[in-house]
Amino acid sequence: ALVPALLKPLVACDIDDALQREDNPGRVAGLAMPTLVIVGSEDNITPPKLAEDVHEASVGQPKRLVEVEGGGHNGLEAYDAFHSALAEFYDMALGD
């Protein structure tokens, strides 16, 4: 449900139990490959803190975390920051 910005500080957002049981940081810890983690700043399904945990756990190089300001869980491709992050990471990963 959409919550008006004025009320967001007053609304608690619980992470679903199923998501809490997932160990995504553990999954990426063994992947030795370039890693790009993109998250929306307003993502209530996979909050930025979880994306930060995945990024920190990643051992792959290069690695990058991008938070798309104003983005939610879906539709990040509508933001220029998303496309810029992909292009920059692609260049970085290929060493261009």
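Entry one, a pair within a helix. I noted that Lys49 and Asp53 lie 4 residues apart in helix α3, which means that about one helical turn separates them. This is a predicted model, and in it I found a salt bridge between Lys49 and Asp53, with 2.6 Å between the closest N and O atoms. I then looked up the accessibility of Asp53, and with a relative accessible area of 24% it is partly exposed.

Entry two, the other bridge. I counted 2 salt bridges in the structure, and I turned next to the one that Glu88 forms with Arg64, where the closest N and O atoms are 3.0 Å apart. This pair links distant parts of the chain, since Glu88 belongs to helix α4 and Arg64 to strand β2, 24 residues apart. As a reminder to myself, side chains of opposite charge can pair when their charged atoms come close.

I looked for a negative surface patch and found one formed by Glu52, Glu56, Glu67 and Glu69. Of these I followed up Glu67, which sits in strand β2, residues 63-68, and is partly exposed with a relative accessible area of 41%.

Entry four, two buried residues. I located Ser58 in the loop between α3 (48-57) and β2, and I recorded it as buried because its relative accessibility is 4%, where the cut-off is under 20%. Leaving aside residues up to four places away in sequence, Ser58 touches Val28, Thr35 and Lys63. I then moved to Phe82 in helix α4, residues 80-94, which counts as buried at 18% relative accessibility.

I listed 4 helices and 2 strands, following the pattern α-α-β-α-β-α along the sequence. Of the 96 residues, 24% count as buried, and the chain exposes about 6,600 Å², of which carbon and sulfur atoms supply 56%. Finally, I noted that among contacts between residues at least 6 apart in sequence, 72% join residues at least 24 apart.

Key. Residues are numbered from 1 along each chain as its sequence is written. This is a predicted model: local features need pLDDT of at least 70, side-chain atom pairs count only at pLDDT 80 or more; totals for chains, interfaces and linings use all residues. Side-chain values use heavy atoms; hydrogens and water are left out. Patches are made of residues with over 30% relative accessible area and no salt bridge: like charges are joined within 9 Å, nonpolar side chains (Val, Leu, Ile, Met, Phe, Trp, Tyr) within 5 Å. Accessible areas come from the Shrake-Rupley method with a 1.4 Å probe; for residues, only the protein chains shown count as cover. A salt bridge is a side-chain nitrogen of Lys or Arg within 4 Å of a carboxyl oxygen of Asp or Glu. Lys and Arg count as positive and Asp and Glu as negative; His and the chain ends are not counted. The place of a charge is taken as NZ of Lys, CZ of Arg, CG of Asp or CD of Glu. Buried means under 20% relative accessible area, exposed over 50%, partly exposed in between (1.4 Å probe, protein chains only). Contact means heavy atoms within 4.5 Å.
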